Amino acid sequence: MEHTTLGKSGIQVSKVGIGVWQASDDWKAKDADVIKAVEKAHDLGVNFVDTAEGYGMGHSESVLGEALKQMGRENFVIATKVNGAHLRYDELQRAAAASAKRLGVKEIDLYQVHWPDPWEQIPLKYTMKALEKLYLEGKIRAIGVSNFAVRDLEEARSYLSRTDIVSNQLKYNLIQRDIDDEVTPYCRKNNISIIAYSPLAQGALTGKYSEGNPPKGDFRESSPVFAPGNLSQIAKLIEVLSSVAKEHGRLVSQVALNWVASLPGFIPIPGAKNAAQATENIEAVDFQLTRQDIEKIERAAELVKIDYLPT
Ligand SMILES: NC(=O)c1ccc[n+]([C@@H]2O[C@H](COP(=O)([O-])OP(=O)(O)OC[C@H]3O[C@@H](n4cnc5c(N)ncnc54)[C@H](OP(=O)(O)O)[C@@H]3O)[C@@H](O)[C@H]2O)c1
């Protein structure tokens with residue numbers, strides 16, 4: 001497995017990681033299966049794993065903690081996130097300690113602000129100062145953010161004097177590329193890694209869902225991506241992905257993931273509900289798409305215009 005450096009941190013992470021949000025009620029996955037997914041990821045050379053205190057109110061972190069007990073914490077770069085309710089100076093430090101406890105670690109490798117303060121009540125300065133304190137105390141190895149626009153990034157960075165933000169975690173996949181106008185160029189220019197979440201558009205880019213067969217029984221029932229009109233547009237892209245996949249002896253999902261992983265500065269963290277999905281996702285980065293493949297895929301993806309209005 002190829003590795004890449006997380007921003008300016010010197011921390012080496014695998015070219016593809018694994019997201020563990022799946023260990024929460026949101027996804028209806030079994031904890032034991034998610035642990036097996038993390039084990040499989042480790043066997044296949046993945047060392048980068050992402051969770052958040054917000055996933056199942058700490059449950060995802062606890063499940064990951066179980067997995068780490070079995071596999072050895074030293075084999076992983078662990079990323080977690082502080083949620084919007086804990087952005088005050090003192091609360092953030094308590095939240096970090098609680099996350100570390102659930103994960104069973106002394107030090108969190110990458111501690112990320114999950115979202116900019118949704119209520120705009122806590123000055124960002126206090127959040128960033130709290131993060132820098134944790135960094136200087138050796139309780140976290142690097143500071144990251146998530147869902148930050150350029151103005152948020154610039155403000156956040158201006159409050160750090162001893163270290164810098166190493167990553168911005170953002171939604172990114174073939175059909176959701178809103179960040180490319182401003183955030184992507186800014187992050188690349190400033191050596192801030194883009195950790196790509198939902199790289200499979202939450203399953204929409206695997207080819208297994210269609211207008212007549214949307215995901216059932218979880219939050220995706222009300223997700224705009226899976227609304228009938230959108231799924232019928234995505235179907236045309238799936239056809240193209242499928243033809244490219246066939247040429248390489250691969251799966252639709254693997255072509256979609258390979259495309260993200262091949263972009264400079266991007267590290268996808270597909271979520272896996274079980275070991276089989278983890279295997280497919282990790283093996284997605286061990287082949288190369290041709291320039292022609294990429295052009296063909298991007299042309300088809302550009303035609304997909306997701307309608308976010310409620311149906
Ligand atoms: N920072 C943030 O705000 C934020 C937001 C969202 C996610 N994240 C992080 O990013 C990670 C990944 O994003 P995500 O979970 O939203 O979306 P994703 O990785 O695009 O999709 C994950 C889902 O796709 C399906 N899937 C995965 N691998 C598959 C395969 N090989 N074949 C067929 N289906 C497959 C599974 O659901 P089904 O089998 O049920 O279809 C799985 O739960 C999360 O675990 C989390 O760590 C962060």
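Predicted model: local features only at pLDDT ≥ 70, side-chain atom pairs only at ≥ 80, totals over all residues.
Residues are numbered from 1 along each chain as its sequence is written.

View 1. Eight strands form an open sheet in the order β3-β4-β5-β6-β7-β8-β9-β10, with parallel pairing. At the edges stand β3 (18-19) and β10 (266-268), each with a single partner strand, so one side of each has no neighbour in the sheet. Strands here are DSSP runs of E with at least two residues, helices are runs of H or I with at least four, and both are numbered from the N terminus. Two strands count as paired if DSSP finds at least two bridges between them. As a reminder, strands of a sheet pair through backbone hydrogen bonds, either parallel or antiparallel.

View 2. Strands β6 and β7 run parallel and are joined by 5 bridges. On to β5 (residues 77-82), which pairs with β6 in the parallel sense over 4 bridges; V82 has V113 of β6 as its bridge partner. Strand β7 (residues 140-146) is also joined to β8 (residues 165-171) by 4 bridges, again parallel, and S146 has Q169 of β8 as its bridge partner. Both β6 and β7 are mostly covered: 6 of the 6 residues of β6 are buried, and so are 7 of the 7 residues of β7. A residue is called buried if 20 or more other C-beta atoms lie within 10 Å of its own, exposed if 12 or fewer, and partly exposed in between, with C-beta atoms placed from the backbone.

**View 3. Two helices against the sheet.** Helix α5 (residues 150-158) lies across β7 and β8, running at about 155° to β8. Such angles run from 0 to 180 degrees between N-to-C directions, using axes fitted to C-alpha atoms, for helices over the stretch in contact. In the loop between α5 and β8 you can find T163. T163 is partly exposed because it has 17 C-beta neighbours inside 10 Å. Leaving out residues up to four places away in sequence, T163 touches E132, Y135 and I143; contact requires C-beta atoms, placed from the backbone, within 7 Å. The C-alpha atoms of T163 and E132 are separated by 7.4 Å, although the two residues are 31 apart along the chain.

View 4. Is helix α8 (residues 252-261) enclosed or open? It is largely enclosed by the rest of the structure, because 10 of its 10 residues are buried. Those buried residues pack against β9, α7, β10, α9 and α10 (291-302). Now look for L241, which touches V252, V255 and A256, as well as G207 and I297, not counting residues up to four places away in sequence. L241 is one of four residues, with I18, V38 and A196, that touch the most other members of the largest nonpolar core, which has 96 residues. A nonpolar core is a set of buried Ala, Val, Leu, Ile, Met, Phe, Trp, Tyr and Cys residues joined through C-beta atoms within 7 Å.

**View 5. Around the ligand.** Which residues come nearest to the ligand? Of the 29 around it, they are G19, Y197, L200, G203 and G271; a residue is near if its C-beta atom, placed from the backbone, lies within 6 Å. The shell divides into 11 nonpolar, 14 polar and 4 charged residues. Here Ala, Val, Leu, Ile, Met, Phe, Trp, Tyr, Cys and Pro count as nonpolar, Asp, Glu, Lys and Arg as charged, and the others, Gly among them, as polar. Helix α9 (residues 275-283) gives the most to this shell, with 3 residues.

View 6. P215 is partly exposed, with 16 C-beta neighbours inside 10 Å, whereas S198 is buried, with 21. The phi of S198 is near 50°, a positive value in a residue other than glycine. Most residues other than glycine have a negative phi.
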